[in-house]
Amino acid sequence: MSMTITTPVPALSDDERAAILEAVRDFAQTELAPHALEWDETKTFPADTLHRAGELGLGGIYVREDVGGTGLSRSDAVAIFEELAAGDPSIAAYITIHNMVAWMIDTYGSEVQRHEWLPILASMQGFGSYCLTEPGAGSDAAAITTTAIRDGDDFVLTGVKQFISGAGSSSVYIVMARTGEPGARGITAFLVPADTAGLSFGANEKKMGWNAQPTRQVILDEVRVPATSMLGSEGQGFKIAMSALDGGRINIAACSLGGAQWALDRALRYVQERFTFGEALAEKQSVVFTLADMATELRAARALVRDAAAALDAKAPDVSMQCAMAKRFATDAGFRVANEALQLHGGYGYLHEYGIEKVVRDLRVHQILEGTNEIMRVIIGRQLLGA
C-alpha cells in the first residue's frame, strides 16, 4: 500500500532558516572544503564525515520527524544543498541522492518499512542508493530489463544496474525491476538490503569527476526478497522513480549553483589580484563583462531552482516541467560559470591545487545525470505541446 505525505510542511521563520543555513555553511567550510581535493585525488568516500552530516539532520532533510527526519521543505532543501556544494560538489551531490532514497521510503513505504530504514538513513548511520539506470537503459528508463519474478511469498530479482552512486557502501538499494508487461506500467520498486544473498557490485568506475563518491554496477543474481520488500504497489515503480526525479533534478541543480558560486567568488578575487600589462585583470572591460554574465546567469538559475522547489512544495500541476527547466538551465549555467572561472585563472585554473578544475569536472556530470539535459528539453516541450 502506498502512502503520500499530506501534512503541510511548517514554514520556517527567517531567523530559523538563517540559523540552519549558517550551521550548514559552517559544516561545509570546516568538514568538506578542507578535504575536498584530497578526497578527489585519493577517491575517498568520507563515511565518517557523512555520519556527522547525519547528526546535523542532513540525511533526511524532507523526511517526516517521527522517524528521525528534519521535516523541512524542498525550498529549504535546495538552499542547504547549495551551501554544501560550495564545500564539495561531489559529496553534496551524494547527499542529495541519499535524501531522494529516504524521501521515496517516507512517501511510498509502509509503516514497517519507514520505521525499519528511515532512522538509519536520516542519521546517515547507513546510506541509500537509487537503482534505475541499466547498461542498456539510461534515458529510456521504461526499457529496463532487470526482472523480478514472483515465487510464492518472495520475488527473485535478476539484472544489472549501471552508474549507481554509493554502490558497495550503502545499506539499502531501491531497485526498479520488471514484474509485468513491457514499458512503464510493468515496473515495480523493491527495497534490497545490502547483505542480501546474490547482491554484488562491479569495480569502482574511473570517472572524470565525482571521485569522492563510489560509482559501481549493482549486480543482482537471483536476489530473493520477500514481497513485503516491495515499495508501493506492484506496477507503481516507474511512477515512484519519476516522482523522485523531480526532486532529484532541482537538488542537483542546487549543487551546480553552489559549486559555480564558489568558482565565481574565487575568480572575483583572482582578477583583482592578478596584473597583466600593468593593470589588474579586473580593469579590463572583457573581464568585467564576463564576470557580469556569470553572476547574471547564476542569479537567473537560482530563481528557477527556487521557483521549482516552491512548485514541488505546493504540488503544482506543472511541477515536472518546472523541475526540468530548473535542472536544464542551472546545470548548464553552473558548468559554464565554473569553466569561465577556470579560463579567468589562466594556467593556474588548470592546476589541481587551485580547486577550480575539480569543480569543473564535478559539475560536468550534472548535465547528464537525473535525466540528460536533452531529456529535460523533451519533458518541457511535450508539456508545452500538451503531448
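How far is the sulfur of Cys255 from the closest cysteine sulfur, and which residue holds that closest sulfur?

A: Happy to! Please keep in mind that this is a predicted model, in which local features need pLDDT of at least 70 and side-chain atom pairs count only at pLDDT 80 or more, while totals for chains, interfaces and linings use all residues. Residues are numbered from 1 along each chain as its sequence is written, and side-chain values use heavy atoms, with hydrogens and water left out.

The closest cysteine sulfur to that of Cys255 is in Cys323, 14 Å away, which is too far for a bond. With a disulfide taken as a pair of cysteine sulfur atoms within 2.5 Å, the count is 0. Cys131 is buried, at a relative accessible area of 0%, and Cys255 is buried with 0% as well. Here buried means under 20% relative accessible area, exposed over 50%, and partly exposed in between, using a 1.4 Å probe and protein chains only.

Now to the helix. Helices (H or I, at least four residues) and strands (E, at least two) are DSSP runs numbered from the N terminus, and the chain has 11 helices and 10 strands. Helix H6 has 12 residues, 111-122, and its end C-alpha atoms lie 15 Å apart, in agreement with the 16 Å it should span at 1.5 Å a residue; that expected span is 1.5 Å times one less than the number of residues.

Its buried residues are Gln113, Arg114, Trp117, Leu118, Leu121 and Ala122. They sit on the same side of H6, because they cover an arc of only 120° around the axis, judged by the directions from the helix axis to the C-beta atoms. As background, an α-helix has 3.6 residues a turn, so residues three or four places apart point the same way.

What do these buried residues of H6 pack against? Their partners are helices H3 (47-55) and H5 (89-108), together with strands S1 (128-131), S4 (172-178), S5 (187-193) and S8 (230-231), where contact means heavy atoms within 4.5 Å. Just after H6, Met124 takes a positive phi of about 55°.

Stepping back to the chain, buried residues make up 53% of its 387 residues. Among its contacts between residues at least 6 apart in sequence, 75% join residues at least 24 apart.
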